[in-house]
Amino acid sequence: MAVLSTERRRSSLSGWSGRSIIGVLLVVFILLFAVPIVWLLLAVTKSSKALVVDHPFSPGSWSALVANWHQLFDFQDGAVTTWIGNSALYAIGALVITLVVSIPAGYALALTEFKLRQALLVLTLVVMLIPSTALVLPIFLELNSVGLIGSPLSVILPMSFFPFGVYLTYIYFSTSIPRDILAAARIDGCSGLQVFTRVALPLAAPIVALVAFFSFVQNWNNFFLPFVMLPSSDGYPIQVGLTSLLASTPAFNPSSAGSDSVQLPTLALGTIVSILPVLIVFLFSQRFLVAGMTAGGTKE
Amino acid sequence: MTLAPSSDQLTVGPSQGRRSRRGGGKRAGSAFARSPISYVFVSPYALLTIVFGIIPSLYAVVLAFTDADGGFVGFDNFTKVIDDFRFWPAVFHVTIYLVIWLLGLVVFVVGLALMVHAIGVRWVSATLRFVYYLPGALAGASSVLLWLFVLDPTASPVSGLLSAMGFHSFVQVIQPGNLPAIFAIIAFWTGAGGWIIIMYGALNNISTEVIEAARIDGANAVQIALRIQLPMLRKWVAYMGVMSLAAGTQLFVEPQLLSQASNAVVPNDYSLNQLAYQYAFQQNDFNGAAAISLLLLVVALLLSWVFVTRGGLFEKE
């Protein structure tokens, strides 16, 4: 109701010209955000000739899509499949470790007392706010000195260190679980471990989902870390594999014209394939995700 | 995508944690005090923090102050990288990019959030937010690749627009002077939606009574936006600015892919992180690489530290 009256007020005061300027701006930004994605979805259904000759927003054909699909997955004897497998291994491996490590840690930081608790909390905040790329080269130098470079662990372990997840869990446990419940459980004879496994953990489903989402998306999209850690193409995740596809695209790299070259629509398909898992997660968790991102903004 | 903890939580976090420890600590203290199991719960995380947070930072410090044989060399590595003819251009590139990107981010994110928030029809506003947010699914290499297509006049969906601006080939589009703007557009396209949603949430948080009161006093929508909503968004804008500044100094994947796609028309030492990468992998000079990484890490740490300790900025609602 308040919104409606504000609306009326504005229309009487700023007039239709103000409203139409706002309308135009909103539409311009819709175009900015949506046009590249719509174009990308159409591009993969065209042959490389049609991509250049036809209208940018004309649909292509099913057969062209199939042809592009085959070219993509035949690239370097199925390298794309390997890369997707690697991405899944790294993203899910790190996700599992993140959950196993972060949920108990967030719980302990929120609801128990131990030495250095405050220090660990501040450290978590500070590291959380550092861009994750800032530590990539230092971690590379460290892992290089112990000979771990090239191993899947060199990306899985650093990715499992996810202070943001610990922080989210900490906030969740300190705001949504009444201490009285836990105290009651202790009085009823639960051990410290049982309080966690029988009382706190069953209530933690929403935060597990939220941490899992953020961790998965960040791991899947991570570029710099695997780019630095994994020298061999066999170990690339799909995000880094895209650079190989790009390097074999004559349109962007004329020296690459050869038998194994990649055409533009195939590169576009590679782009879509590389984000498909994240896109699906986005589409299905939009409501819940938006709620999570704005939780602090809407709560007291 | 933007990994954005809400800053309300952020401030509630440490301060409330401390408060409840003091307040509730006594009551619940007997039930929880120093249960040894706590150490079991936190030790894996503490271990990861040490191995992938503290040790690499310290190791980078050691490397930055020593030479390849491990001898202490003082600030030699720093003077070496700073005197490198590629260093200041890289600083310059990143700075220009940051200025364009941050200005665009603040102006358009706040503007769009205010406009979307003013829309009375619920599904329209929800759809807009979703469309703005969707590009967040394309991060890193994927969004750069998509923009390579958009910027290549031969295939671009906006080739008409590009040629109207006088660009007829990919090489023309990616002239050095255009690069900061291009990187800013890519970063904006990918990340703005997340911030718009956060700002929108913050706007929802402003009590309707305040807005009503202003309206009754005769403020129109523009005045409400400028005098009430904008000042109340200030802390979020500051938060967005600090986070984006820290992230922006790390510029890597955009110039790296563009360099590859342009046959090195875009140099592969365009940004500071690329330069550090070149030191480590082309020159095998880990000490130099550590020096640059350390400079970047210090900037990020300072920003993060300022934000955490001067949370006062965020505590007064």
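Which residues are buried in α13(B)?

1. Helix α13 (residues 272–281) of chain B is mostly covered, with 9 of its 10 residues buried. The buried ones are B:L272, B:N273, B:Q274, B:L275, B:A276, B:Y277, B:Q278, B:Y279 and B:A280. A residue is called buried if 20 or more other C-beta atoms, placed from the backbone, lie within 10 Å of its own C-beta atom. Helices are DSSP runs of H or I with at least four residues, strands are runs of E with at least two, and both are numbered from the N terminus.

2. On the basis of the note: this is a predicted model, in which local features need pLDDT of at least 70 and side-chain atom pairs count only at pLDDT 80 or more, while totals for chains, interfaces and linings use all residues. Residues are numbered from 1 along each chain as its sequence is written, and chains are lettered from A and ligands numbered from 1 in the order in which they are written.

3. The surroundings of α13(B) involve both chains: its buried residues pack against α6 (136–145) of chain A and against α4 (87–118), α12 (253–261) and α14 (286–309) of chain B.

4. The contact between the chains takes 101 residues from chain A and 102 residues from chain B; two residues are in contact if their C-beta atoms, placed from the backbone, lie within 7 Å. On the side of chain B that touches chain A, helix α2 (residues 37–64) of chain B gives the most, with 18 residues. That side of chain B divides into 68 nonpolar, 30 polar and 4 charged residues. Here Ala, Val, Leu, Ile, Met, Phe, Trp, Tyr, Cys and Pro count as nonpolar, Asp, Glu, Lys and Arg as charged, and the others, Gly among them, as polar.

5. Chain A has 16 helices and 0 strands. Buried residues make up 47% of its 300 residues. Among contacts in chain A between residues at least 6 apart in sequence, 71% join residues at least 24 apart.

6. A:A79 lies in helix α4 (residues 79–111) of chain A and is buried, because 20 other C-beta atoms lie within 10 Å. Leaving out residues up to four places away in sequence, A:A79 touches A:S233 and A:G241. The C-alpha atoms of A:A79 and A:Y236 are 9.3 Å apart, although 157 residues separate the two along the chain.

7. Helix α11 (residues 221–248) of chain B packs with α14(B) at an angle of about 165°, the axes being 9 Å apart. Axes are lines fitted to C-alpha atoms, for helices over the stretch in contact, and angles run from 0 to 180 degrees between N-to-C directions. The two helices are therefore roughly antiparallel to each other, a term for angles over 145 degrees. Their contact is made by B:V242, B:L245 and B:A246 of α11(B) and B:A300, B:L303, B:S304 and B:F307 of α14(B). By class, this contact has 6 nonpolar, 1 polar and no charged residues.

8. The largest nonpolar core has 184 residues, of which B:V109, B:A113, B:I196 and B:M199 touch the most other members. Helix α9 (residues 179–205) of chain B supplies the largest share of this core, 17 residues. A nonpolar core is a set of buried Ala, Val, Leu, Ile, Met, Phe, Trp, Tyr and Cys residues joined through C-beta atoms within 7 Å. Leaving aside neighbours within four places in sequence, B:A113 is in contact with B:I196, B:M199, B:Y200 and B:L203.

Notes
Buried ≥ 20, exposed ≤ 12 C-beta atoms within 10 Å, placed from the backbone. Parallel < 35°, antiparallel > 145°, perpendicular 65-115°, else oblique.
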